[in-house]
Amino acid sequence: METITKVYLNIYAAVYKTEKMEYEGITYSYAQIQVVEYLLENEERRDNMTAIAKRLGITRSNFTKIVKRLEEKGLVEKKYLSGNRKSMTVTVNKNGKSLYNAYSEKICAWHFSPMFEHFQKIPPQYRPYVRDALYASMDGSDFAKKDLHS
């Protein structure tokens with residue numbers, strides 16, 4: 001198990017901020033797509049940038065840098081919250097939604113399909129254990145617990 005964890009974490013750390021993915025001439029990173037995904041999943045919340053950074057577990061300055069890059073790429077828009085010139089919210093625009101939809105299809109085919117093929121090799125009676133292990137990996141994090149249950 002330790003080897004699986006180390007390999008996964010090393011790969012994740014190496015590619016998280018690198019802009020190697022591409023959609024219609026726009027390159028982006030996992031860090032950037034994570035922000036887009038969060039914004040899309042939480043559109044109704046209309047949180048300000050500080051609250052979003054906190055919920056994502058990243059510093060406000062790092063979040064601001066990611067949003068600036070996404071804005072430069074034409075994927076998100078920043079808007080002041082009414083009556084408060086210091087508090088902004090970020091929304092994903094049409095281009096950002098298109099990029100995210102393409103990413104979702106690509107990641108499912110590229111990343112999850114091979115994993116699902118391997119899961120098919122697991123005898124059916126053992127699959128609930130794999131499912132439970134995946135859920136347990138999320139429950140082990142205080143951040144995940146807060147985010148999943150708030």
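Me: Buried means under 20% relative accessible area, exposed means over 50%, and partly exposed lies in between, with a 1.4 Å probe and protein chains only. Is Glu19 buried, exposed or partly exposed?

Reply: This is a predicted model: local features need pLDDT of at least 70, side-chain atom pairs count only at pLDDT 80 or more, and totals for chains, interfaces and linings use all residues. Residues are numbered from 1 along each chain as its sequence is written, and side-chain values use heavy atoms, with hydrogens and water left out. Glu19 has 26% relative accessibility, so the class is partly exposed.

Me: How many salt bridges does the structure hold?

Reply: A salt bridge needs a side-chain nitrogen of Lys or Arg within 4 Å of a carboxyl oxygen of Asp or Glu. By that rule, the number of salt bridges in the structure is 7.

Me: How many residues apart in sequence are the parts that Arg69 and Glu19 tie together?

Reply: The two side chains form a salt bridge, 3.0 Å from N to O. Arg69 sits in helix 4 (residues 60-72) and Glu19 in the loop between helix 1 (2-15) and strand 1 (21-23), so the separation in residues is 50. Helices (H or I, at least four residues) and strands (E, at least two) are DSSP runs, numbered from the N terminus. Arg69 is partly exposed at 35%, and the parts it ties to Glu19 are apart by residues numbering 50.

Me: Where does Lys73, the salt-bridge partner of Glu19, lie?

Reply: Glu19 and Lys73 meet at 2.8 Å, N to O. The pair links distant parts of the chain, 54 residues apart, with Lys73 in the loop between helix 4 and strand 3 (76-80).

Me: What is the relative accessible area of Lys73?

Reply: The side chain of Lys73 bridges to that of Glu19. Lys73 is buried, with a relative accessible area of 17%.

Me: Which residues do salt bridges with shared partners join into one network?

Reply: Glu71 bridges to Lys78, with the closest N and O atoms 3.5 Å apart. Glu71 is partly exposed at 33%, and Lys78 is partly exposed at 31%. Shared partners build one network from Glu19, Arg69, Glu72 and Lys73.

Me: At what angle do the ring planes of Tyr100 and Tyr103 lie?

Reply: Rings of Phe, Tyr and Trp (its six-membered ring) pair if their centres lie within 6.5 Å; planes under 30 degrees apart are stacked, over 60 edge-to-face, and the rest tilted. The structure holds 5 aromatic pairs. The centres of Tyr100 and Tyr103 are 6.0 Å apart, and the pair is tilted because the planes lie at 40 degrees.

Me: What separates Tyr100 and Tyr103 along helix 5?

Reply: Tyr100 and Tyr103 are both buried. They are 3 residues apart in helix 5 (residues 94-120), so the separation is about one helical turn.

Me: How far apart are the ring centres of Phe116 and Phe119?

Reply: Phe116 and Phe119 are 3 residues apart in helix 5. Phe116 is partly exposed at 40%, and Phe119 is partly exposed at 25%. The planes lie at 40 degrees, so this pair is tilted, and the centres are apart by 6.5 Å.

Me: Which residues make the nonpolar surface patch of about 230 Å²?

Reply: A nonpolar patch joins Val, Leu, Ile, Met, Phe, Trp and Tyr side chains within 5 Å, from residues with over 30% relative accessible area and no salt bridge; like charges are joined within 9 Å. Areas come from the Shrake-Rupley method with a 1.4 Å probe, and for residues only the protein chains shown count as cover. Val15, in helix 1, is partly exposed at 31%. The patch is made by Val7, Ile11 and Val15.

Me: What is the bridge partner of Val76 in strand 4?

Reply: Strands pair if DSSP finds at least two bridges between them. Strand 3 and strand 4 run antiparallel over 5 bridges. In strand 4 (88-92), 4 of the 5 residues are buried. Val76 is partnered there by Val92.

Me: How far apart in space are Ser82 and His111?

Reply: Ser82 lies in the loop between strand 3 and strand 4 and is exposed at 75%. It is 29 residues from His111 in sequence, and their C-alpha to C-alpha distance is 41 Å.
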